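Have the sequence and the 3D view open as you read.

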Amino acid sequence: MTGKVILFTDGACRGNPGPGGWGAYFEYDDARKELYGFASDTTNNRMEMMAVIEGLKALKRPCEIHLNTDSKYVLQGITEWMKGWKKNGWKTAAKKPVKNADLWQQLDNEVSRHQIIWKWVKGHSGIHGNEMADQLANKAIDEQTS
């Protein structure tokens, strides 16, 4: 493992479903990095997940990551629900297909490469990294829809 990376992720969607964006903001020692992307027809939950997936993909080697998200959906999915979904063949306890299974599977793959400490942060509460990730997600939408 390399040094500790602090990663903030956020997703945004206008319409839900509608045009969406994701943002990832990294802090590593004195370095900062920003990533963002766009999808023309998506949901907020998918953009929250894409922010984490793309943030983790951007790390070229295994890292210790303090991952901050304001999405309880992502946090609970990865830390509580996924084990059961995998055991049940990507079905919920009610035997229905897991929503966004394609992204959960990608996320599972990316998470396996790293040592991650997951943390939920309250959105729009002045936490610098979260505010940056939110701005990046909205910038992605603005650049594609204006």
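## Salt bridges between helices

Keep in mind that this is a predicted model. It holds five salt bridges, and here we go through some of them. As a reminder, side chains of opposite charge can pair when their charged atoms come close.

Start with Arg46 and Asp102, whose side chains meet in a salt bridge at 2.9 Å, N to O. Arg46 sits in helix α1 (residues 44-57) and Asp102 in helix α3 (residues 101-111), so this pair ties together parts that are 56 residues apart in sequence.

Next up is Lys86, which makes a salt bridge with Asp108; their closest N and O atoms are 2.9 Å apart. Lys86 belongs to helix α2 (residues 72-87) and Asp108 to helix α3, so the pair links parts that lie 22 residues apart in sequence. Lys86 comes out as partly exposed, with a relative accessible area of 43%, and Asp108 is partly exposed at 22%.

Glu54 is partly exposed at 21% relative accessibility, while Lys57 is partly exposed at 35%.

## A cis peptide bond

Now for the backbone. Asn16 and Pro17 are joined by a cis peptide bond, with omega at about 10 degrees. To find Pro17, look in the loop between β1 (4-13) and β2 (18-28).

## Positive phi away from glycine

Asp29 is not a glycine, yet its phi is positive, near 50 degrees. You'll find Asp29 in the loop between β2 and β3 (31-42). Its relative accessible area is 61%, so Asp29 counts as exposed.

Asn100 is another non-glycine residue with a positive phi, this time about 65 degrees. Asn100 sits in the loop between α2 and α3. Is Asn100 buried or exposed? At 17% relative accessibility, Asn100 counts as buried, since the cut-off for buried is under 20%.

Notes: Residues numbered from 1 in each chain as written. Predicted model: local features only at pLDDT ≥ 70, side-chain atom pairs only at ≥ 80, totals over all residues. Heavy atoms only, no water. Salt bridge = Lys/Arg side-chain N within 4 Å of Asp/Glu carboxyl O. Helix = DSSP H or I, 4+ residues; strand = E, 2+ residues; numbered from the N terminus. Buried < 20%, exposed > 50% of the residue type's maximum accessible area, 1.4 Å probe, protein only.
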